[in-house]
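Keep the structure open while reading.

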Amino acid sequence: MKAFRLLSRTKLYWGLVIICLIGALTSPMTSSGKNIFLSYGNLTDVLRQVSITGLVATGMTMVILLGGIDLSVGSVMGFATVICAMLLTKPGWTAASVMGVPAAVAVSGAAVALLARFILRGLARGRDVSAGRRADIVLSPLRGVWMPALLGLIAAVAVAWFTVSQVQVKFGVLGVLLVTPCLALLLGAINGLLVVSGRLQPFIVTLAMMVSALGIARLTAGQDNAVVPVYTGSNATAAFEFLRSMLWGVLPVPSVFFLVAIVLFGAILRFTTFGRYAYAIGGNVEAAKLSGIKVGQVQFTAYLLSGLLAGIAGVLFVAQYRQGKPDAGTGLELDAIAAVVIGGTSLMGGRGGLAGTFVGVLIFGLLSDILQLQNIDSNVQLLMKGLIIVGTVLVQEQTVGHLIARWRFSRSHGLPADPKSADPDRLPSATKARFAREDLDEAS
Amino acid sequence: MQTRARAEIVDIGRTAGTGAPSASVILVAERVSKSFAGVNALQDVDFDLRRGEVHALMGENGAGKSTLMKILAGVHADYDGDIRIDGQSAAFTGVRDAEEAGVAIIHQELNLVPELSVADNIFLGREPLIAGVLIDRRRMIRAAERLLRRLGLAIAPESRLADLRVGEQQLVEIAKALSLNARILIMDEPTSALSSSECARLFKIVRQLSADGVAIIYTSHRIEEVLDLADRVTVLRDGRRVVTADIGDLSRGAIIAAMVGRDMAASERGTTARDNAVVLAVKDLTLDTLGPQGWRRILHGVSFELRSGEILGIAGLLGAGRTEILESIFGVARGRRGGTIAINGAAAGIASPAEAYRLGVALVSEDRKERGLHLGDTICDNIALPSIGAISRFGLRAFAAERALAADMVKRLSVRCTGIGQMTASLSGGNQQKIVIGKWLATSPRILLLDEPTRGIDIGAKLEIYRLIFDLAAQGLGIVVVTSEMPELLLLSDRILVMCEGRQTGILRRENATQEAVMRLAAPGGATQSWGGAI
């Protein structure tokens, strides 16, 4: 039974193992007899391929954990590619720099101020973290307001100086990496604001943003469906090539961004109060609110981060495909949601995590790699993707443990197991909870 | 089945008067046993039901009441033992089977569709049809009308169920059962969500049904109610039958003893705290909420003071504004709040639970499953949740401190669990309630607001919660308790604030507080009314 439990607990990774096995077994060989699928180059290439979806799925995971959804990430990323490409290739005050520079100044100023305040608060709190209610930490105006404000102002001035100096010559790598995500973050902030303060359905808010961000992107690009090509070395700085290179010849740079995001936000979800609040809100928003959690703040932050990550993904897209275009992210939001869901995160919120999303993203990446190695039509890939989504979710909902318990039960009793008492995991969570209660009631 | 159901509708209104109640036995269950995953929920239980009697089924949570009722109603099909109805063996394979045989069950959680009309709900899945396709709405509404009239309900069959009060919805469930021509009606905790006047109406209907010859199996946690209503009582404990007797042969104490298996007298409490410092002062509290008809005043100027170590009870009928007082103080009431609230002498306009928390105010809400707990989380996570901000630094969780906090609470409240890693969903109601209280005690509050702290939990756990409340008051907390149960109110409160239709009608000191005095103040228009629980 222990083995079964282990199997059930690690079921998330079995899909990954299976797909790797399939890949290794069906892979064509090189002339020297080496397995192409298992070659280092191929595997790192898969990582590179999934990085953009992966980054977006990371943000999506947090939003979904909170019981929300962000449909706008694809469009926001498309918008980001346009901004990034324009900043790289067009000097002077274009639509991109007119929007981007103030956004970067405002966002970095605010971010530094908030960070400073957060750190000062933490310092004031002292080391004593004994249990129980504590007196509220009241920071003196100097520490609570003036010092953060000053630091924020310094940051804002520094960023303003830096970005304005870049406007005249074209933007460099650092410049686009700073400005583009800041703009995307602001779009995420609008999502968050409408969801939290407007009390609107996340689905509808982000749907509206999905449509309007595409519109803004097209307006920014200048003409409908315009593609802004980026030729590093001729119309853009050669240094931008860095974002598609191999870092020290070990990992593709985009995948470094992806891995760092997964680890960083995974740690945030696991080890910080923010993460705990996210799960609590997703699990039962009403109880979370009554527990004194500032639900709005947490939700707002999640949409903000989702936008930010979509913005970074946009920069990586430009580096990867050497162009920015408004519809670069069409369908990306659905890929991201699919990866999150097959990673075991519940669309109802409160259950799941980034480890699952990482696996989900990799499963899709490996799948298309295998099919490409076999020269299989890309439309077949779509079909396979659909099947995998349904398959994994089926396995996840009927947890392996329960399937086994049911099988053992029916064997030992010689009758078909009562599906209701043997398999509470198939019920929606509220019913399930009631079920678990009743069963205990009866059994105790 | 469809045809049969439709045929019945025609003479639903006339099922009354099947003759005078006789002592003839309608249902016999012999040596019924049932186990879940190897644990015996019922063991060799004998049970019989007479035509036209109200038979109360009593027992603590987990005693096997629900299991027995579900077996009788065909919900559980696999059990050992014999069940005969009218002498004929009844082996139901499903609820539909049981309904065919005239057995209907009304679950504690209502099985109705809020967005549908009353008539639609009554005949859901059994709608009278025209030419087998179209729903015959006129016939359905007429039939529903007859049923509602029989229950003495002044509700239009076309009204949307969600617009009815909980008590009325309950009666719609009964109408639904009657539409099945039920001869045996099983009612699982029908009064747990009802106000006293709604209870009174329900009791009237139950008596009338039994006079009509319907046999009723009835469960409730309120013993007074059972003493009042039942003809016979069967007590279950740990899946076995302890006793079956006429209600006249058993005292309240004997029933409790049979349920709990030991004598349990509620502890009395003498000391009050008249000279302690005022921790909470509420003055001219008003609350307006925006409804479909515009702004409506829910609270009309409530004023009281709460001293450290004092227990203030808030009494009133359902809808009198009791919960709204607590929610206004805690900053979660919907609407516009007026008046002043002072905590420890300082004016406090609490606008959110986060602020309440900082000021040391805690609210244990009425609905522990929906609003109090994260059922899918562990005990530890639930208890620590309001405190993790305070025990962390730089936003990093202090896992060891969280666990220590939870372990300490579990010990202090003697929660029965396998460990702090147990999921709260798998705890019994009483232990879940302790977790909700514990998660707030962990924040070291000065003021504890309790809304129906013992709703739906068994009597043993109730007494433990009472003892806990007394302990907390002795430690100097100011406690406000809202409760619908009169014995609980009189037992706990040092003073009782009585509400009637949003107005404060008086504050009674413990020595003047009697059931009659409270009722006089709580009843609209000063008329006396029967209360949910008599002493």
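This is a predicted model. In chain B, six strands build an open sheet, ordered β6-β9-β10-β3-β11-β12, with mixed pairing.

- The edges are β6 (103-106) and β12 (240-246) of chain B. Each has a single partner strand, so one side of each is left without a neighbour in the sheet.
- On average, neighbouring strands of this sheet are turned by 15° against each other, direction ignored.
- Strands β9 (residues 184-188) and β10 (residues 215-219) of chain B run parallel and are joined by five bridges.
- Within that pair, Leu185(B) has Ile216(B) in β10(B) as its bridge partner.
- Helix α7 (residues 196-211) of chain B lies across β3 (54-58), β9 and β10 of chain B. The helix runs at about 145° to β10(B).

**The strands around β13**

- Strand β13 (residues 278-291) of chain B runs antiparallel to strand β14 (residues 294-307) of chain B, with ten bridges joining them.
- The link from β13(B) to β14(B) is a hairpin through two residues.
- Across this pair, Leu285(B) stands opposite Val302(B) in β14(B).
- β13(B) also pairs with strand β16 (residues 336-343) of chain B. Those two strands run antiparallel, with seven bridges.
- Here the bridge partner of Ala281(B) is Ala342(B), in β16(B).

**Chain B overall**

- Chain B contains 18 helices and 22 strands.
- The chain has 535 residues, and 50% of them count as buried.
- Take the chain B contacts between residues at least 6 apart in sequence: 69% of these join residues at least 24 apart.

**Nonpolar cores**

- The largest nonpolar core has 196 residues. Residues with the most contacts inside it include Val56(A), Met77(A), Ala278(A) and Ala313(A) from chain A, and Leu449(B) and Ala522(B) from chain B.
- Helix α12 (residues 295-321) of chain A gives the most to this core, with 16 residues.
- Another core lies apart from it and has 76 residues, among them Leu185(B), Val226(B), Val233(B) and Ile255(B).
- What does Leu449(B) touch, leaving aside its neighbours within four places in sequence? Its contacts are Leu326(B), Ile329(B), Phe330(B), Val361(B), Ala362(B), Leu363(B), Val364(B) and Val480(B).

Key
Residues numbered from 1 in each chain as written. Chains lettered and ligands numbered in written order. Predicted model: local features only at pLDDT ≥ 70, side-chain atom pairs only at ≥ 80, totals over all residues. Helix = DSSP H or I, 4+ residues; strand = E, 2+ residues; numbered from the N terminus. Buried ≥ 20, exposed ≤ 12 C-beta atoms within 10 Å, placed from the backbone. Contact = placed C-beta atoms within 7 Å. Core = buried A, V, L, I, M, F, W, Y, C linked by C-beta atoms within 7 Å. Pairing = 2+ DSSP bridges. Axes fitted to C-alpha atoms, helices over the stretch in contact; angles between N-to-C directions.
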